[in-house]
Amino acid sequence: MNCSGQWKPVVAMIAVNFALAITNVLFKKILDEGVSHIIILMYRQAISAVFLAPIAFFLERKSRPKLTARILCQLFLNALIGATLTQYLFLLGLEYTSATFSCAFLNMVPAITFALALLFGLEKVNIRNKDGRAKVLGTLVCIGGAMVLTLYKGKTFVRSNSRATTHIINYANTMISTKKKERWAIGSIFLAAGSIFWSSWFLLQARIGKTYPCKYSSTALLSFFSAVQSAIFCLITERDFTKWILKEKLELITVTYAVSILFAKFDS
């Protein structure tokens with residue numbers, strides 16, 4: 001494999017993660033404006049299923065294996081874990097925290113996936129050779145970088161010489177500190193749970209990929225099942241149907257952009 005071929009997956013993953021960061025910022029914006037998490041998820045998965053279905057039908061109609069009840073059950077479970085629960089928990093965590101904080105948890109997904117793979121015997125590590133040491137070091141760097149991004153607080157860019165202004169800012173910070181810590185603690189739990197579910201999805205997807213090796217058809221079915229699951233959840237939790245309608249341009253742009261990133265994420 002030439003040099004460009006070796007770096008192509010790395011560049012693709014960097015681009016996807018950069019795009020995911022933009023997605024988080026947009027999601028945070030519309031969540032703060034009152035859009036429901038499950039509504040966002042339902043539209044995202046429904047649009048994804050509609051666009052992927054014809055692509056999967058024409059590109060994989062000759063190579064697609066027969067769908068059995070077992071494969072459908074696996075895909076349904078895969079959709080529940082990897083799409084519905086993962087994205088819902090991330091959106092909840094994003095509402096309670098910030099886009100930067102949620103991105104830090106996203107960066108921990110590879111490390112959690114590696115740890116789960118070790119736990120279930122799907123991955124082996126020999127620290128006596130270079131590959132094993134590189135895996136362990138990469139995991140530690142991943143976790144360390146995420147924790148630094150999460151916990152480090154830099155200096156303020158704008159400083160005021162006014163004592164009155166400083167006093168007001170300090171008083172306001174004191175008043176909201178306790179409430180903010182409580183919200184961020186709850187958000188951290190949601191984000192951690194979402195990271196674990198997403199890491200688990202990678203392990204499930206690797207197994208499903210062996211029995212049903214059609215990425216477009218698999219992703220289309222996953223999106224369809226997730227849209228159905230989200231719609232059922234919407235009917236249970238969101239009885240006000242006026243909230244089901246995306247009215248603002250930013251809401252439509254965000255959901256559409258998120259769908260395109262969803263394609264890139266599964267394709268990568």
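These exercises walk through the predicted model shown above, each with a worked solution.

Residues are numbered from 1 along each chain as its sequence is written, and side-chain values use heavy atoms, with hydrogens and water left out. In this predicted model, local features need pLDDT of at least 70 and side-chain atom pairs count only at pLDDT 80 or more, while totals for chains, interfaces and linings use all residues.

**Exercise 1. The overall fold**

Task: Find how many helices and strands the chain has, and what share of its residues is buried.

Solution: 
- Start with the rule: helices (H or I, at least four residues) and strands (E, at least two) are DSSP runs, numbered from the N terminus.
- Count them: the chain has 9 helices and 0 strands.
- Read along the sequence: the pattern is α-α-α-α-α-α-α-α-α.
- Next, burial: buried means under 20% relative accessible area, exposed over 50%, partly exposed in between (1.4 Å probe, protein chains only).
- Of the 268 residues, 36% are buried.
- Last, contacts, meaning heavy atoms within 4.5 Å. Take those between residues at least 6 apart in sequence: 86% join residues at least 24 apart.

**Exercise 2. Two helix pairs**

Task: Work out how helix 2 lies against helix 8, and then against helix 3.

Solution: 
- Axes are lines fitted to C-alpha atoms, for helices over the stretch in contact, and angles run from 0 to 180 degrees between N-to-C directions.
- Angles under 35 degrees count as roughly parallel, over 145 as roughly antiparallel, 65 to 115 as roughly perpendicular and the rest as oblique.
- Take helix 2 (residues 37-59) with helix 8: the angle is about 155°, and the axes are 7 Å apart.
- Helix 2 and helix 8 are therefore roughly antiparallel.
- For handedness, a crossing is left-handed if the near helix is turned anticlockwise from the far one by less than a right angle, and right-handed if clockwise.
- Helix 2 crosses helix 8 in the left-handed sense.
- Now helix 2 with helix 3: the angle is about 140°, with axes 9 Å apart.
- That pair is therefore oblique. Helix 2 and helix 3 make a right-handed crossing.
- In this contact, helix 2 supplies residues including His37, Ile38 and Arg44, and helix 3 supplies residues including Ala83, Tyr88 and Glu95.

**Exercise 3. Serine 195 and its surroundings**

Task: Decide whether serine 195 is buried or exposed, and list what serine 195 touches.

Solution: 
- Locate serine 195: this residue is in helix 7.
- Its relative accessible area is 0%, so serine 195 is buried.
- Leaving out residues up to four places away, serine 195 touches Phe90, Phe105, Val109 and Ile112.
- Check Phe105: 90 residues separate it from serine 195 along the chain, but their C-alpha atoms are 6.8 Å apart.
- Phe105 is among the buried residues of helix 4. In helix 4 (residues 99-106), 7 of 8 residues are buried.
- Val109 is one of the buried residues of helix 5 (residues 109-119).

**Exercise 4. Lysine 28 and alanine 231**

Task: Classify the accessibility of lysine 28 and of alanine 231.

Solution: 
- Lysine 28 sits in helix 1. Its relative accessible area is 15%, so lysine 28 is buried.
- Beyond four places in sequence, lysine 28 touches Leu94, Glu95, Thr97 and Ser98.
- Alanine 231 lies in helix 8. At 23% relative accessibility, alanine 231 counts as partly exposed.
- Apart from neighbours within four places, alanine 231 contacts Met42 and Trp244.
- Alanine 231 and methionine 42 are 189 residues apart along the chain, with C-alpha atoms 6.1 Å apart.
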